Amino acid sequence: MTDRYAVFGHPIAHSKSPQIHAAFARQTGQDMSYEAILAPLDGFAGSVADFIAAGGRGANVTVPFKEEAFRLADRLSARARRAGAVNTLTFDGDILGDNTDGAGLVADLTRNLHFPLVGKRILLIGAGGAARGVVEPLLEQQPAGLVIANRTVSRAQELAGLFGRDVSACGFDGIEPPFDVVINATAASLAGELPPLPPEIFTATTLAYDMMYGRDTPFLGFARTYGACTADGLGMLVEQAAEAFCGWRGVRPDTAPVIASLRAT
Ligand code: ATR
């Protein structure tokens, strides 16, 4: 019988995950289906229970259910526990929660963009769920430093505090440049807004990375104006999916052709 997988979100119609996992399944010869499920805002747990009852084997979870998925899981991977959020569920008698977002970001930066993070100065902008999910995986790459800057400074301090001396926090006016990598993990791009960042954070060798994908964001435009190289979050999206797929199916898909075909559409 074909194994069923899905992505849960609200909204979900725009999700590229079904296309990505279908490509992975074709490429690796896996007998599986993958659908998008719009869960009601107050009905995530019920939707997941229905899917499990219907034979679902695993699921991805996207906005706004990642924290709820964290609470729903019976067991958590170490990285999901540290992220405080879950984007990947495996149904195998009980519910295992994992978080592949940080690994996806690191894979995109280091493997696809050929940008090793060892010894680099990293600026992470934002202190919400998206930022929290990537701090630990970034630190594992042994950068020279990681600074979290956020509009609401107290949230940056709170997040940095979870990781001890390795991470410092500030507001946008307290950033001390320059940086090798600047990662935008705020929701500003979604609203077409630009966080008020000092342009001195960018140099000609800085990589400015926006976790959002699918359109050029004000953040990337700003970074380019000040000479930085830029990348959007499409590679991270495909890499986090590959990490989830590998956990479910035990085979690692080749991400490069999938990223290339999504870029072409
Ligand atoms: P997510 O799970 O997407 O991270 P979140 O937890 O609501 O969502 O966090 C949103 C992040 O984007 C926060 O860091 C928020 O800053 P505040 O903590 O000050 O609210 C940031 N953000 C949202 N809109 C922004 C904007 N226009 N400019 C700068 N930062 C913004």
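At a relative accessibility of 9%, Thr255 counts as buried (buried means under 20% relative accessible area, exposed over 50% and partly exposed in between, with a 1.4 Å probe and protein chains only). The model is a predicted one, in which local features need pLDDT of at least 70 and side-chain atom pairs count only at pLDDT 80 or more, while totals for chains, interfaces and linings use all residues. Residues are numbered from 1 along each chain as its sequence is written, and side-chain values use heavy atoms, with hydrogens and water left out.

Thr255 sits in the loop between H9 and H10; helices (H or I, at least four residues) and strands (E, at least two) are DSSP runs, numbered from the N terminus. Apart from its neighbours within four places in sequence, Thr255 is in contact with Phe24, Asn112, Val238, Glu239 and Ala242, where contact means heavy atoms within 4.5 Å.

The axes of H1 (residues 17-28) and H9 (residues 234-249) come within 10 Å and cross at roughly 50 degrees; axes are lines fitted to C-alpha atoms, for helices over the stretch in contact, and angles run from 0 to 180 degrees between N-to-C directions. H1 is therefore oblique to H9 (angles under 35 degrees count as roughly parallel, over 145 as roughly antiparallel, 65 to 115 as roughly perpendicular and the rest as oblique). On the H1 side, Ile20, His21, Phe24, Ala25 and Thr28 meet Leu237, Val238, Ala241, Ala242, Phe245 and Trp248 of H9. The residues of this contact divide into nine nonpolar, two polar and no charged; Ala, Val, Leu, Ile, Met, Phe, Trp, Tyr, Cys and Pro count as nonpolar, Asp, Glu, Lys and Arg as charged, and the others, Gly among them, as polar.

H1 also meets H10 (residues 256-264), and the two axes come within 10 Å and cross at roughly 140 degrees. H1 and H10 are therefore oblique to each other. Gln19, Ile20, Ala23, Phe24 and Gln27 of H1 make the contact with Pro257, Val258 and Leu262 of H10. Here the residues divide into six nonpolar, two polar and no charged.

Attention now turns to the sheet. Six strands form an open sheet with parallel pairing, in the order E9-E8-E7-E10-E11-E12; two strands pair if DSSP finds at least two bridges between them. E9 (167-170) and E12 (229-231) stand at the edges with a single partner strand each, so one side of each is left without a neighbour in the sheet. From one strand to the next, the twist averages 20 degrees.

Within this sheet, E7 (residues 121-125) is mostly covered, with four of its five residues buried. Five bridges join E7 to E8 (residues 145-149), and these strands run parallel. Arg121 stands opposite Gly145 in E8. E7 also pairs with E10 (residues 181-184) in the parallel sense, over four bridges, and Leu124 has Ile183 of E10 as its bridge partner.

Helix H6 (residues 129-140) has as its buried residues Ala131, Gly133, Val134, Val135, Pro137, Leu138 and Leu139. Just after H6, Gln142 takes a positive phi of about 55 degrees. Thr152 is found in the loop between E8 and H7 (153-161) and is partly exposed, with a relative accessible area of 38%. H7 itself lies across E8 and E9, running at about 175 degrees to E9.
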